Amino acid sequence: MPTAYYSHPECRLHDMGAGHPECPQRLDAIADRLIASGLDVALEHREAPLADLEPLARAHSTAHVTHLKDVLQRLQDSGERRAIDPDTIACPATWRAALRAAGAAVAATDAVIDGEIDNAFCAVRPPGHHATRDAAMGFCFFNNVAIAARHALDVRGLQRVAIVDFDVHHGNGTEDIIAGDDRVLMASFFQHPLYPGSGAVPMGTNMVNVPIPPYTRGMEVREIIEAMWMPRLEEFKPQMVFISAGFDAHREDELGQLGLVEADYEWITRRIKDIADRHSGGRIVSCLEGGYALGALGRSVAAHLRVLADL
């Protein structure tokens with residue numbers, strides 16, 4: 001069965017302004033690289049649907065969902081922009097883009113569980129892993145991966161899922177939502193200190209947080225994953241694996257100071273896939289998070305997808 005590639009043109013319309021690193025051109029860089037490499041024809045392209053409010057409320061408070069809906073729909077009608085926090089700006093297209101991003105993650109989860117596809121990559125924006133239960137922050141409005149994981153558990157009846165986050169920044173929002181939920185094991189590494197400054201002390205025993213110092217290179221990260229992630233993931237035996245796929249730990253990315261390259265993302269993806277193949281029937285849903293050096297982003301996503309698609 002194929003690897004599905006979920007995206008939608010409306011995800012490109014979310015625009016936080018000139019010079020903002022989380023820009024629409026990120027999706028163009030990925031799409032262009034897939035075409036140039038020939039990978040685009042090996043994937044099953046699927047349109048990201050609009051999420052309903054119900055799955056959002058499984059990961060976020062009703063107050064957060066209602067507040068963002070009101071704010072973002074007013075901007076949609078007025079044509080204005082508004083800063084949700086100093087780094088996170090909403091525009092008229094943000095509401096539908098955010099619903100497309102969450103909708104892709106949920107639809108991909110259903111398609112994988114139903115056996116329509118082996119696995120999926122959601123090339124969507126805005127990203128999600130900084131969005132907490134009660135707040136939008138760090139370029140993120142709704143937490144796409146946490147929404148999908150809760151959908152798999154609460155709606156589709158899975159008992160154990162893993163979330164693996166290899167973004168350079170700590171996925172504080174995901175941790176806030178799932179800490180203490182023993183149905184979820186979250187494994188991550190992240191540069192520390194770095195925005196958002198959290199993660200050094202885990203919020204729950206179901207967290208495998210590995211803060212690493214600036215200028216750590218790929219071979220060291222691989223050793224950390226083998227020593228810290230893999231034993232916990234093997235013991236947990238997840239029935240499905242979700243990936244917060246941030247590519248800003250790349251050595252070319254200026255938002256962090258880690259030293260990963262495309263071969264490292266290929267290796268990390270292969271180790272995650274090994275876990276999924278042994279325990280989850282190969283079921284993986286990966287969602288785009290960070291990655292702001294456009295050339296490096298395109299190449300790294302291509303490396304990630306080659307492994308997912310067994311190419």
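A polar contact is taken here as a pair of N or O atoms within 3.5 Å, of which, within protein, one must be able to donate a hydrogen and the other to accept it. In the predicted model, a polar atom of the Arg26 side chain lies 2.7 Å from the backbone oxygen of Glu289. Arg26 belongs to helix 2, which spans residues 25-37. Its relative accessibility is 0%, and because buried means under 20%, Arg26 counts as buried. Beyond the residues up to four places away in sequence, Arg26 touches Pro21, Leu288, Glu289, Gly290, Gly291, Tyr292, Leu294 and Leu297.

The side chains of Ser286 and His304 are joined at 2.8 Å. Ser286 counts as buried, with a relative accessibility of 0%. When residues up to four places away in sequence are not counted, the residues touched by Ser286 are Ala120, Phe121, Cys122, Ile243, Ala245, His304 and Leu308.

The largest nonpolar core comprises 96 residues. Those touching the most other members are Tyr6, Val161, Phe166, Phe189, Trp229, Phe242 and Ile268. Helix 5 (residues 94-113) gives the most to this core, contributing twelve residues. For Phe242, contacts not counting residues up to four places away in sequence are made with Thr109, Val145, Ala148, Ala149, Ala152, Val161, Ala162, Ile163, Val164 and Val285. Val161, one of these contacts, is itself listed with Phe242 among the core residues that touch the most other members.

Ala51 is placed in the loop between strand 2 (44-47) and helix 3 (53-59). With a relative accessibility of 12%, Ala51 counts as buried. The C-alpha atoms of Ala51 and Ala98 are 8.6 Å apart in space, while the two residues are 47 residues apart in sequence. Apart from neighbours within four places in sequence, Ala51 is in contact with Leu56, Leu99, Ala102 and Gly103.

The largest pocket has a volume of about 160 Å³. It is lined by 14 residues, of which His130, Phe139, His169, Tyr195 and Leu255 are the closest to the pocket centre. By class, the lining consists of five nonpolar, five polar and four charged residues.

Notes. Residues are numbered from 1 along each chain as its sequence is written. This is a predicted model: local features need pLDDT of at least 70, side-chain atom pairs count only at pLDDT 80 or more; totals for chains, interfaces and linings use all residues. Side-chain values use heavy atoms; hydrogens and water are left out. On a 1 Å grid over the protein atoms alone, a cavity is a set of points where a 1.4 Å probe fits but cannot get out, and a pocket is an open set with protein on both sides within 12 Å along at least five of seven lines; lining residues have an atom within 4 Å of a point. Grid points are joined across faces, edges and corners, and a volume is the space filled by probe spheres set on the points. Ala, Val, Leu, Ile, Met, Phe, Trp, Tyr, Cys and Pro count as nonpolar, Asp, Glu, Lys and Arg as charged, and the others, Gly among them, as polar. Helices (H or I, at least four residues) and strands (E, at least two) are DSSP runs, numbered from the N terminus. Buried means under 20% relative accessible area, exposed over 50%, partly exposed in between (1.4 Å probe, protein chains only). Contact means heavy atoms within 4.5 Å. A nonpolar core is a set of buried Ala, Val, Leu, Ile, Met, Phe, Trp, Tyr and Cys residues joined through side-chain atoms within 4.5 Å.
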